[in-house]
Amino acid sequence: MSNANTQPTGVEEEIHYLELDQMIEKEFNNDKENLIMILQAIQRRYNYLPRPALSYVSEKLSIPYSRIYEVSTFYSTFSLEPRGRNIISICTGTACHVRGADRIKEHIETSLKIKDGETTEDKRYTLESVRCIGCCSLGPVVKINEDMHGRIATDEIKNVLNQYE
Amino acid sequence: MNIQSVKDLELIKKEYRLKLNLPDTVKVNIGMASCGIAAGARETFNAAKETFADNDSIDICQTGCIGYCEVEPLVEILAKGKPRVMFKKVTSDKIVDIIHGYMDNDFSDKKIKKHILGQIRDPRSLLEEDMANPQEQVDPIEGIPFLEDIPFFKGQVKIALRNCGYMDPDSIEEYFGKQGYIAFLDALHNAKPQEIITAVKESGLRGRGGGGFPTGIKWATCAKHDGQRSIICNADEGDPGAYMDRSILEGDPHSVIEGMLIAGLAIGSSLGFIYVRNEYPLAVKRLVTAIKQATAYGLLGDNIAGTKFCFKIKISTGAGAFVCGESTALMASLEGKVGRPKAKYVHTVEKGFRDQPTNLNNVETYANVPAIILKGAPWYASFGTDNSKGTKAFSLVGKVRNTGLLEVPMGIPLKDIVFSLGEGLPGKKKFKAVQTGGPSGGCIPEALMDTPVDYQQLASVGSIMGSGGMIVMDENTCMVDVARYFLDFLKDESCGQCNPCREGIKQSLDILTAICEGEGKEGDIELLEELGVMIQRFSLCGLGTAAPNPVLTTIKYFREEYESHIRDKKCKAGVCKNLFMYEIDEDACTGCTICAKKCPQNAITGTKKEPHVLDQDKCIKCGICYDACKFDAIVIK
Ligand SMILES: Cc1cc2nc3c(=O)[nH]c(=O)nc-3n(C[C@H](O)[C@H](O)[C@H](O)COP(=O)(O)O)c2cc1C
Ligand code: SF4
Ligand code: SF4
Ligand code: SF4
Ligand code: FES
Ligand code: FES
């Protein structure tokens with residue numbers, strides 16, 4: 001079995017199985033209905049969904065792996081690949097769109113040489129577009145990790161990005 | 001402590017009413033919803049806390065948001081016997097001076113004056129008429145307007161948003177102080193389920209999540225079906241550009257919990273679920289706190305207030321799928337599955353979540369319920385129009401001067417919202433359209449701005465009420481691009497299980513993209529219309545059936561823009577890059593050199609005080625110069 005698709009770095013992510021097991025039991029009552037939230041917790045912990053962790057969830061909750069794969073590809077917040085140290089979420093919701101979010105996005109794409117959903121080679125940034133983070137009055141909005149940068153102008157992007165190592 | 005009756009509540013209410021309205025200290029309320037925090041409210045809060053850490057006479061508090069996002073961070077300061085003043089744009093470097101200014105009654109100092117938004121005439125919500133206006137005996141400050149008279153607030157009637165910005169969302173006691181849980185406890189002890197349902201029916205309340213289904217009828221049908229009934233709150237708020245639900249959850253989470261409790265009581269259910277969008281971490285945090293507090297007071301859990309009624313609420317988060325806002329998809333997602341809508345041969349009120357009878361309502365719908373029960377159906381029905389009762393919250397965003405969250409009685413004309421409360425467009429730009437209903441809605445042109453906010457009337461002009469996003473567009477918004485934008489959104493969000501939606505959206509999008517790139521052909525418009533009708537008629541769920549609305553309304557009202565894209569290869573709004581150029585108007589250019597300095601391509605050259613020249617070969621149409629020029633010398637050709 002090849003992990004080529006989910007492990008492009010070639011490094012097997014080290015999974016802390018005991019911790020994972022306890023989380024599924026204690027926080028999520030071993031309940032299948034909580035699958036989405038379990039996956040979210042895994043992604044918070046590892047920054048993406050490592051395949052071995054998904055296999056473990058599959059065994060533990062007796063959910064076929066195919067269904068876990070289905071869920072992790074259906075919902076847009078899940079990533080099956082490791083992401084960068086800094087997540088740039090650019091809002092492309094309607095309010096930001098009419099205030100020029102596309103220009104901002106293009107500018108980031110050309111300056112970092114990545115497209116939406118991709119990670120820079122040095123793993124410094126991942127660019128993701130999101131549709132509305134509920135701060136429309138500050139549009140166009142770029143969220144980097146947990147920081148919100150509102151009313152951002154194309155010529156400010158460089159300085160803002162440089163703040164994140 | 002377990003609360004047993006309204007009498008228990010009254011005691012706490014009395015204490016907290018004093019704290020909220022006639023505090024012994026100077027009380028500083030800082031608006032701390034996501035949007036305020038993004039504008040710097042957290043830093044403002046911390047700066048104030050730090051500076052006045054040892055000062056017992058100043059109390060720094062957090063509140064939700066009064067909705068005037070344009071001028072965040074917002075800070076209100078009050079003290080017993082003094083006017084309550086709301087300050088705007090209070091960043092961390094300003095807060096200390098402003099607090100001192102308030103304490104010294106110094107409102108004329110320039111540094112403070114420019115931050116004054118207004119003084120509050122009456123801080124009571126519509127539910128608090130059992131109390132005298134705490135500001136009644138206070139002499140207002142001369143020369144400062146009342147907040148209620150400022151354009152953004154004039155004409156607003158707040159029912160769903162009644163407490164947002166006026167209390168600490170992390171304090172259940174303050175919610176008690178604002179009449180919280182009285183409606184529920186009163187109904188629990190004194191009303192039959194049928195009476196609650198009748199009240200909701202008679203209030204005329206319709207679902208605020210977009211569809212506008214009468215809430216009372218939904219409750220009544222759900223109650224009729226036997227089984228393990230569930231009460232679900234839809235907080236998926238997927239319409240990009242709408243954030244009413246976020247603001248309610250962040251500013252007044254207990255109002256939603258109380259609404260759900262009343263629904264549980266009326267329908268006969270002990271299971272509550274709130275499905276929150278993944279992008280709203282602060283809303284989740286405030287809900288978790290609120291549920292813990294309500295449980296500690298015995299308002300959630302088993303045998304509530306010594307009765308047989310039990311009710312628990314679980315919070316689940318979404319994971320970024322717009323279609324999960326649709327009722328059957330949401331229920332599948334709650335079950336831990338992918339969110340693919342089901343055909344509704346059997347309604348969810350009969351067989352929904354876990355195949356049991358399920359009542360699903362939107363956040364704002366639930367937030368209205370306690371008000372209806374407390375004040376009575378006729379009171380609620382006295383607002384609004386014949387078929388649209390009550391009030392509706394909107395997020396007014398886009399190219400409008402006063403962006404923010406507002407709540408108005410149904411029936412007021414769209415133009416009042418945009419031009420009176422919103423004060424029109426910033427700068428000299430011309431209004432083009434307002435978009436309501438998000439990806440399922442339509443664009444309403446200037447000529448139809450007299451249309452009132454009303455379910456039927458909005459539908460008659462090809463749009464929908466939707467969940468409440470209202471996006472203002474100006475002459476720099478290209479309507480073909482807007483249609484393309486929504487289809488691009490829906491192409492990503494379609495669950496893909498039915499052909500008309502999956503393929504129809506993709507084909508329409510390809511045509512629109514070609515038009516925007518200058519490859520449009522004669523006959524494209526007609527093809528889009530034909531495809532639109534097909535998608536509307538044959539898609540399985542609401543995502544598909546409403547998907548063509550943005551395309552069809554823009555064609556209906558802005559056909560000439562499509563035609564000029566296709567025939568003249570021109571985008572007059574300056575959005576579609578292949579279809580316009582920036583040029584410098586020699587007569588208008590003052591040679592200020594700003595554009596030349598800012599252009600990332602060094603495409604603009606010229607000497608100081610001389611008209612500049614723009615090299616089309618180098619220009620990438622980033623628009624930086626267009627935005628930067630103060631003399632309107634850069635023009636779209
Ligand atoms: C594609 C799609 C997305 C929807 N998104 C939402 C949403 O984000 N929030 C919401 O309350 N209702 C949404 N709805 C409407 C719900 O299906 C449902 O009608 C509503 O939540 C019922 O509550 P109400 O009667 O109180 O409005 C959506 C519907 C569709 C078809
Ligand atoms: S209309 Fe679209 S979103 Fe709805 S079920 Fe069909 S494919 Fe899925
Ligand atoms: S649009 Fe951008 S690239 Fe073109 S001239 Fe203006 S600033 Fe330079
Ligand atoms: S910014 Fe405007 S006025 Fe100034 S040099 Fe450029 S075009 Fe001329
Ligand atoms: S559209 Fe960008 S934050 Fe809402
Ligand atoms: S600042 Fe409060 S909702 Fe925008």
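How do the residues of the lining of the second largest cavity divide into nonpolar, polar and charged? I found eight nonpolar, four polar and no charged residues. In this scheme Ala, Val, Leu, Ile, Met, Phe, Trp, Tyr, Cys and Pro count as nonpolar, Asp, Glu, Lys and Arg as charged, and the others, Gly among them, as polar.

Conventions. I note that this is a predicted model, in which local features need pLDDT of at least 70 and side-chain atom pairs count only at pLDDT 80 or more, while totals for chains, interfaces and linings use all residues. Residues are numbered from 1 along each chain as its sequence is written, chains are lettered from A and ligands numbered from 1 in the order in which they are written, and side-chain values use heavy atoms, with hydrogens and water left out.

Cavities. The search runs on a 1 Å grid over the protein atoms alone: a cavity is a set of points where a 1.4 Å probe fits but cannot get out, a pocket is an open set with protein on both sides within 12 Å along at least five of seven lines, and lining residues have an atom within 4 Å of a point. Grid points are joined across faces, edges and corners, and a volume is the space filled by probe spheres set on the points. The second largest cavity holds about 80 Å³; its lining includes B:C495, B:C498, B:C501 and B:C541. For the largest cavity I recorded about 100 Å³ and a lining of 13 residues, with B:C589, B:C592, B:C595, B:C629 and B:A633 nearest its centre. That lining comprises nine nonpolar, four polar and no charged residues.

Ligand 4. I then asked what takes up the largest cavity, and ligand 4 does. Among the residues around ligand 4 are B:C589, B:C592, B:H612 and B:F631, where a residue is near if one of its heavy atoms lies within 4 Å. By class I counted seven nonpolar, four polar and no charged residues in this shell.

Ligand 3. Ligand 3 has 14 residues around it, the closest being B:C599, B:C619, B:C622, B:G623 and B:C625. I logged 11 nonpolar, two polar and one charged.

Ligand 1. Where does ligand 1 sit? I located ligand 1 in the second largest pocket, the criterion being that more than half of its atoms lie within 2 Å of the grid points. This pocket has about 1300 Å³ of space and 45 lining residues, with B:G209, B:G210, B:G211, B:G325 and B:E326 nearest its centre. The lining divides into 14 nonpolar, 22 polar and nine charged residues.

The shell of ligand 1 has 18 residues, of which three are nonpolar, 10 polar and five charged. β9(B) gives the most, with three residues; strands are DSSP runs (E, at least two), numbered from the N terminus.

I listed polar contacts (N or O atom pairs within 3.5 Å). An oxygen atom of ligand 1 lies 2.9 Å from a side-chain N or O atom of B:N361, and an oxygen atom lies 3.0 Å from a polar side-chain atom of B:K218. A nitrogen atom of ligand 1 is 3.3 Å from a polar backbone atom of B:G325. Alone, ligand 1 exposes 610 Å², of which the protein buries 87%, by the Shrake-Rupley method with a 1.4 Å probe.

Conventions:
Polar contact = N/O pair within 3.5 Å; in protein donor to acceptor, adjacent residues only side chain to side chain. Helix = DSSP H or I, 4+ residues; strand = E, 2+ residues; numbered from the N terminus.
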